[in-house]
Amino acid sequence: MELAQETLPERPAAAEPAAGARPGRLARARRGGRAGWPRTLLAVGAGLLLWQAFPPADLTPLAPVAVALLTLALRGQDARTGAWLGFAGGAAFFLPVLDGIIKVGPDGWVLLSLVQAAYFLPLGAGIAVVGRLPGWPVWTAALWVGEELIRGRVPFGGFPWARLAFSQTATPLTPYASIGGAPLVTFVTALLGGLLAYAAVAVLRARTPATATATASSDPRAPATPSAPSPTASRRTTRPPARRRAPQHRVQQHDRPDRVDQHHPRRRRPEQAGA
């Protein structure tokens, strides 16, 4: 037995995960996926808020607010993360707004709601991409119109339920239906939401430098910012220093009688002059 144990090869130790290895799906799920919990919850909240704009609540002003919140949740993300956030917001919207189908069967209600939410996958990805373009509120509104256009025709004639325009019954936006139908009402509603999101982004950008300046001034460890020198001080500092002249010691004749210029006829010694 001892010989057998000595000849058996040892099992290799389990390799430890590298420090830079990608975390598992469980760890990523705890952080809220690729987008994180704050953006995911914001997208879900936007879907629930959009539901309140439809019957029976009929809080129609919440529709542009919901579009603005979903746009803010998608802003700055890549297309893949935007698709996930769009699906999360769509599921939070379609599950309660289509609760009347639960009488047919809970499974059919959940399945149909998730199929409807799947149309928000390209919507979320598109809003995340066009958020980098100039005039992105207009592109965002156009994407909402395109999403409802596809959802109302594909597949099997489409499912044109709970369109954004249907939340604006008896509102100041209703007359636009006589000009461009439901697509124009959807466009104007989504445009208002995009403009709200644009205003929120502008306010955040304006407050960020002021907050950073206030934080830097209140932090005692922050290095002091040198003040700008006055013009007079700059002239004083740029003026070259005056050269100090070395003291010149002139030798007077009565001080050093022995050092007399021998070549000058008037300054010869008496003995040289007599010679």
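Colleague: Before the numbers, what does buried mean here?

Modeller: Buried means under 20% relative accessible area, exposed means over 50%, and partly exposed covers what lies in between. The model is predicted. Of the 275 residues in the protein, 29% are buried.

Colleague: How many helices and strands are there?

Modeller: The protein has 11 helices and 0 strands. Read from the N terminus, the order of elements is α-α-α-α-α-α-α-α-α-α-α. Among contacts with a separation of 6 or more, 62% are between residues 24 or more positions apart.

Colleague: How should I read the aromatic pairs?

Modeller: Two rings pair if their centres lie within 6.5 Å; planes under 30 degrees apart are stacked, over 60 edge-to-face, and the rest tilted. The structure holds 6 such pairs. In one of them, F54 and F93, the ring centres are 5.4 Å apart and the planes stand at 50°, so the pair is tilted. F54 sits in the loop between α3 (37–51) and α4 (62–74), while F93 belongs to helix α5 (residues 79–97), 39 residues apart, so this pair links distant parts of the chain.

Colleague: Are F54 and F93 buried or exposed?

Modeller: Both F54 and F93 are buried. Ring pairs also join F54 and F93 with F94, F120 and W144 in a cluster.

Colleague: Which parts of the chain does the pair of W136 and Y198 link?

Modeller: W136 is in helix α8 (residues 136–151) and Y198 is in helix α9 (residues 177–218), 62 residues apart. Their rings are tilted, with 5.7 Å centre to centre and 50° between the planes. W136 is at 6% relative accessibility and therefore counts as buried, whereas Y198, at 47%, is partly exposed.

Colleague: What should I expect of the backbone, and where are the exceptions?

Modeller: Most peptide bonds are trans, and most residues other than glycine have a negative phi. A cis bond joins P55 and P56, with omega about 5°; P56 is in the loop between α3 and α4. Another cis bond joins V154 and P155, with omega about -10°; P155 is in the loop between α8 and α9.

Colleague: Which loops hold D58 and F156?

Modeller: D58 is in the loop between α3 and α4. Its phi is positive, about 55°, although D58 is not a glycine, and its relative accessible area of 40% makes D58 partly exposed. F156 lies in the loop between α8 and α9. Phi of F156 is also positive, near 55°, and F156 is exposed at 82% relative accessible area.

Definitions and conventions
Residues are numbered from 1 along each chain as its sequence is written. This is a predicted model: local features need pLDDT of at least 70, side-chain atom pairs count only at pLDDT 80 or more; totals for chains, interfaces and linings use all residues. Side-chain values use heavy atoms; hydrogens and water are left out. Helices (H or I, at least four residues) and strands (E, at least two) are DSSP runs, numbered from the N terminus. Buried means under 20% relative accessible area, exposed over 50%, partly exposed in between (1.4 Å probe, protein chains only). Contact means heavy atoms within 4.5 Å.
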